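Reader: I'd like to learn how to read a helix in a model. Could you walk me through one?

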Amino acid sequence: MANERRFPPGFLWGTATASYQIEGAWNEDGKGESIWDRFTHNPGHVYRTHTGDVACDHYHRLDEDVALIKELGAQVYSFSISWPRVLPNGTRAGGVNTKGVDFYKRLVAKLVEAGVTPMATLYHWDLPQALQDRGGWANRETVDHFADYVELMYEAIGDRVPFWVSHTEPWVVAWAGNWFGRHGPGLRDFSTAVLVSHHLLLSHGRAIDLLHRSYPKSQMGIKLNTQMTYPASDSEEDRAAAHRDYGWYTRWFMDPLCGRGYPKDMLDWYAAHGVVLPRVTEEDLTVIANGTDFLGHSYYMSHKLRHDPNQGWPLDFETLPMSEYFTEKGWSIWPQGLYDNLIRITADYGRIPIIITENGVAFKDIPTESGEVHDPLRIEFIRQHLAAAHRAIADGVDLRGYIHWSLMDNFEWQDGYSMRFGLTYIDYATQRRFRKDSFAWYRAVVTANDADVRMQ
Ligand code: BGC
């Protein structure tokens, strides 16, 4: 067994899920409606009108799933909390759903008992519909309601959760939900997306402040889907397009988080293209730069950018794939992008602590008659990405951990159950869990702290 891919001692290995994608029980025990309940229940949004009503039935299978996490050897389990499960109307004044809070208390207690460190994400896209009815994240009041919700969760589980994530991929929340209309709430307005992104960042700052007041030793990060962007050619225009894409996905969030305010080139570009910009005060910027403890890096793909004033208003570029190898989602496979991006972020923002909070792949997994799932492509995908991560550490990136997406197949947003990202295969008809080959391989990696393990 080679050990050239051995990771530093203390490197954190984990796996992740998200509430709407696995819990099910969408209207049980007092849970309120979320924007994803509403979005999926309206036909036409999701592949074959799949919904998260049952999903992986995790709400009823807590024990079995925690046992699975333990068996995987994960040191960290990253899960998200469904806001409408604990506050059905979105606000504390609207009443706390004790049964919902108890569910997360039980989950955390079981994880701790199993020797797994909980990493709790406060928002992975399932906003209470009651708040969307009042404008959702485009309404600044949602930031205050978020702060109340966050405090409730700190009170409930803060003493046992050392790692927190405020938001999963605010870019997706803002633009997939409010500009592309592909995610709940399904809007198509660029200016709304920009406003939403500002409120998300503001709410992140508020959550950090509250956490550090109550639990100064706990750490909070934010997960950004900071893909790598390369120019499609050497032309000045294509290079500017790639920088703009970096501005849209990454600098828009990282600059204010690092106390630099919003990037001026992006503000100017948006304004020149007719985007209405939010009113941002100095105080807002101070709150946003509240001392994020780590950057959560979600890495799935990279892109090439070609300048084209006739496409992609207001950004004026076309996005091209990086390679001819595609995942089931149609995303081109480019592990080098993970390395390049970690190096770029470190060069641009300093040696900040980074955790790869998501990385994974959907392939067509087909179980054998005896319930085995051979997924050598997934193993190769992870191996190559870990190799890139390992090189980045050797070249000076302060990378502290790797969290694989996902523990199990689950509801893949607009693609419903047609995409399987899990280390565990879910037979949705019976809810039986089958360990894929990648499950055993990943366990071996975690145990050896080495990405070069080979299975017999
Ligand atoms: C999201 C997950 C999603 C995964 C694959 C990530 O950006 O956080 O919820 O399942 O991508 O699409």
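**Reading helix α5**

Author: Happy to! At 1.5 Å a residue, the 16 residues of helix α5 (residues 98-113) should span 22 Å, and its end C-alpha atoms are 22 Å apart, which agrees. The expected span is 1.5 Å times one less than the number of residues. Helices (H or I, at least four residues) and strands (E, at least two) are DSSP runs, numbered from the N terminus. This is a predicted model: local features need pLDDT of at least 70, side-chain atom pairs count only at pLDDT 80 or more, and totals for chains, interfaces and linings use all residues. Residues are numbered from 1 along each chain as its sequence is written, and side-chain values use heavy atoms, leaving out hydrogens and water.

Reader: Which residues of α5 are buried?

Author: First, the general idea: an α-helix has 3.6 residues a turn, so residues three or four places apart point the same way. In α5, the buried residues are G100, V101, F103, Y104, L107, V108 and L111. Buried means under 20% relative accessible area, exposed over 50%, and partly exposed in between (1.4 Å probe, protein chains only). Seen down the axis of α5, the buried residues fall within an arc of 150 degrees, so they line one face of the helix; the arc is that of the directions from the helix axis to the C-beta atoms.

Reader: What covers the buried residues of α5, and which residues are exposed on the other side?

Author: The cover includes α1 (19-22), α3 (62-72), β2 (76-80), α4 (83-86), β3 (117-123) and α7 (141-157). T98, K99 and E113 are exposed on the other side.

Notes
Contact = heavy atoms within 4.5 Å.
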